[in-house]
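Subject: Structure for your review

Dear colleague,

Please find the structure below, followed by an account of what was found in it.

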Amino acid sequence: METAIHGRLTLSPNTVFNPKPGEKQSCCKGACTNRGVLMAISTTGSGKGAGILEKPVIERTTPGRESEFDLKKSRKIAPPYRVILHNDNFNKREYVVQVLMKVIPGMTLDNAVNIMQEAHYNGMAVVIICAQADAEEHCMQLRGNGLLSSIEPASGGC
């Protein structure tokens, strides 16, 4: 519904615009040099009283990408990776547990001990499954602390 703003509107010190509903009037008498602008607004509401102005929705897209939804969807499709700890004959078991707790966020003492024992008895153990970038970072940190580690896609193998 299109509604015009009307009512008592001062245009200049000497001229007052006071229209009546349905009546067309000139805002100036004679030669008027000071003119005002009558504005129209779009409202959602019926009858008398104020309506609700609708805020415009502006959607911005980047070339080469349709929307933010597509970007999030592509992130979810990225395959997870396993960080694998390999057994070595150089590091003490206590040290391996300490490094696991220091490098892997949220690693508890119990989990670190279980991972260390699995690597010791089976030759290797899965430390964590995460995104490729995080897996590479964890692997580098484990190696930086003297542990043998590697990464592999989580979807392959047993």
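A nonpolar core is here a set of buried Ala, Val, Leu, Ile, Met, Phe, Trp, Tyr and Cys residues joined through side-chain atoms within 4.5 Å. Please note that the model is predicted.

The largest nonpolar core comprises 20 residues. Within this core, L85, L100, M107, I115, V127 and L142 have the most contacts. Two or more residues each come from β5, α2 (93-103), α3 (109-122), β6 (124-130) and α4 (132-144); α2 contributes the most, with five residues. In soluble globular proteins, nonpolar side chains tend to be buried together.

If neighbours within four places in sequence are set aside, L85 contacts V96, L100, I115, A119, G123, M124, A125, V127, L147 and L148.

The packing of two helices may also be of interest. The axes of α2 and α3 approach within 9 Å and cross at roughly 130°, so α2 is oblique to α3. The crossing of α2 past α3 is right-handed. On the α2 side, the contact is made by R93, V96, V97, L100 and M101; α3 supplies L109, A112, V113, I115, M116, H120 and Y121.

Finally, R82 lies in strand β5, which spans residues 81-86. R82 counts as buried because its relative accessibility is 9%, and buried means under 20%. The R82 side chain makes a polar contact with the side chain of E152 at 2.7 Å, and also reaches the backbone oxygen of A154 at 2.9 Å.

Conventions. Residues are numbered from 1 along each chain as its sequence is written. This is a predicted model: local features need pLDDT of at least 70, side-chain atom pairs count only at pLDDT 80 or more; totals for chains, interfaces and linings use all residues. Side-chain values use heavy atoms; hydrogens and water are left out. Helices (H or I, at least four residues) and strands (E, at least two) are DSSP runs, numbered from the N terminus. Buried means under 20% relative accessible area, exposed over 50%, partly exposed in between (1.4 Å probe, protein chains only). A polar contact is a pair of N or O atoms within 3.5 Å; within protein, one must be able to donate a hydrogen and the other to accept it, and residues adjacent in sequence count only if both atoms are side-chain atoms. Contact means heavy atoms within 4.5 Å. Axes are lines fitted to C-alpha atoms, for helices over the stretch in contact, and angles run from 0 to 180 degrees between N-to-C directions. Angles under 35 degrees count as roughly parallel, over 145 as roughly antiparallel, 65 to 115 as roughly perpendicular and the rest as oblique. A crossing is left-handed if the near helix is turned anticlockwise from the far one by less than a right angle, and right-handed if clockwise.
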